[in-house]
Amino acid sequence: MKNLFKKKIIIISGHYGTGKTNVSVNLALKLKEKYNEISITDLDTVNPYFRTADNAKYLESKGIKTILPKFANSNVDIPSLPESLFSIFDSEGKAIVDVGGDDDGAAPLGFMRKRVEEAGYEMYCVCNFCRPQTSTAEETACLMGAIERMSGLKFSGLINNTNLSYETTPEIVLSSIPKMEELEKITGLKTVFTTALSSLSPALDSVPDIVYIENITKQLY
């Protein structure tokens, strides 16, 4: 990840269940080792499951600012943008934005597109070929197109997060590599890294740009 995440705004998107929130949380913790000020914003106004909101206390304990929807962790399922959202443009630190997983989920980005472009951004698609609606490169590319059209922003790269949580085997991760290569050809983008649970090391050490992460969001339930 040496030459990645240089822009102020880092947008993490992907379909529901791909693990984008867990990637966002792990990324925030990793960047906090390098930068003094890191924030993570939960813009997933559609999906009620496994949201950044559930990790707020843990992240705050690590010195990471969390910006959450007004109704996060309540029984009121009304999409709403956090009132403090636009503070990410005024702060000096980096801001990770966890975005909902389809064109509807990307809609909030459209409202703040101009500010995002002015601040400078990178947007990454979290790919998980174990999910039924993004099990192929073509399906994933179609989703990415819908997100780009709704948000008005362009993806910068791909993150291979193919997994079945704790049931993931090295073979599952390895089988995703050809699909990522196919997705690269379709989109013209590069896979910036492949994730895997640290428990799968050293079996995957030979995978290019492998990044070992923890299943943090699952541990908090």
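Tutor: Let us begin with the surface: the chain exposes about 10600 Å², and carbon and sulfur atoms supply 52% of that area. Please keep in mind throughout that this is a predicted model.

Student: What share of the residues counts as buried, and what makes a residue buried?

Tutor: A residue is called buried when its relative accessible area is under 20%, and of the 221 residues of the chain, 52% count as buried.

Student: How many helices and strands does the chain have?

Tutor: The secondary structure comes to seven helices and eight strands. As for how the chain folds back on itself, among contacts between residues at least 6 apart in sequence, 74% join residues at least 24 apart.

Student: How do you know that the length of helix H5 agrees with its number of residues?

Tutor: Helix H5 runs over residues 137–151, and at 1.5 Å a residue its 15 residues should span 21 Å. The expected span is 1.5 Å times one less than the number of residues, and because the end C-alpha atoms of H5 are 21 Å apart, the two values agree.

Student: Which residues of H5 are buried, and what covers them?

Tutor: The buried residues of H5 are Ala 137, Thr 140, Ala 141, Leu 143, Met 144, Gly 145, Ala 146, Ile 147, Glu 148 and Ser 151. Their cover includes strand E1 (9–13), helix H3 (107–111), helix H4 (113–119), strand E5 (121–127), strand E6 (157–160) and helix H6 (170–187). Just after H5 comes Gly 152, which takes a positive phi of about 75 degrees.

Student: What makes a group of residues a nonpolar core, and which residues have the most contacts inside the largest one?

Tutor: Such a core is a set of buried residues of the nonpolar kinds listed in its definition, joined through side-chain atoms within 4.5 Å. The largest has 30 residues, and those with the most contacts inside it are Ile 9, Ile 11, Ile 88, Val 116, Leu 158 and Leu 183. At least two residues of this core come from each of E1, strand E4 (94–99), E5, H5 and H6, and H5 gives the largest share, five residues. Apart from this core lies another, of 23 residues, among them Leu 4, Ile 10, Ala 28 and Ile 159.

Student: Which residues does Ile 11 touch, once residues up to four places away in sequence are not counted?

Tutor: Ile 11 touches Val 97, Val 99, Leu 109, Val 116, Tyr 121, Glu 122, Met 123, Tyr 124 and Leu 153.

Student: How do you know which side of the limit Ser 24 and Ser 165 fall on?

Tutor: Ser 24, in helix H1, has a relative accessible area of 0% and is therefore buried. Beyond its neighbours within four places in sequence, Ser 24 is in contact with Ile 12, Ile 40, Ile 96 and Asp 98. Ser 165, in the loop between E6 and H6, has a relative accessibility of 22%, so Ser 165 counts as partly exposed, a class that lies between the 20% and 50% limits.

Student: What is the phi of Ser 165, and what is that of Phe 5?

Tutor: Phi is near 55 degrees for Ser 165, a positive value in a residue other than glycine, and near 60 degrees for Phe 5, again positive in a residue other than glycine. Phe 5 is found in the segment before E1, and because its relative accessible area is 1%, Phe 5 is buried.

Student: Where is the cis peptide bond between Ser 201 and Pro 202 found?

Tutor: The bond from Ser 201 to Pro 202 is cis, with omega near 10 degrees, and Pro 202 is found in the loop between E7 and E8.

How values were computed: Residues are numbered from 1 along each chain as its sequence is written. This is a predicted model: local features need pLDDT of at least 70, side-chain atom pairs count only at pLDDT 80 or more; totals for chains, interfaces and linings use all residues. Side-chain values use heavy atoms; hydrogens and water are left out. Helices (H or I, at least four residues) and strands (E, at least two) are DSSP runs, numbered from the N terminus. Buried means under 20% relative accessible area, exposed over 50%, partly exposed in between (1.4 Å probe, protein chains only). Contact means heavy atoms within 4.5 Å. Accessible areas come from the Shrake-Rupley method with a 1.4 Å probe; for residues, only the protein chains shown count as cover.
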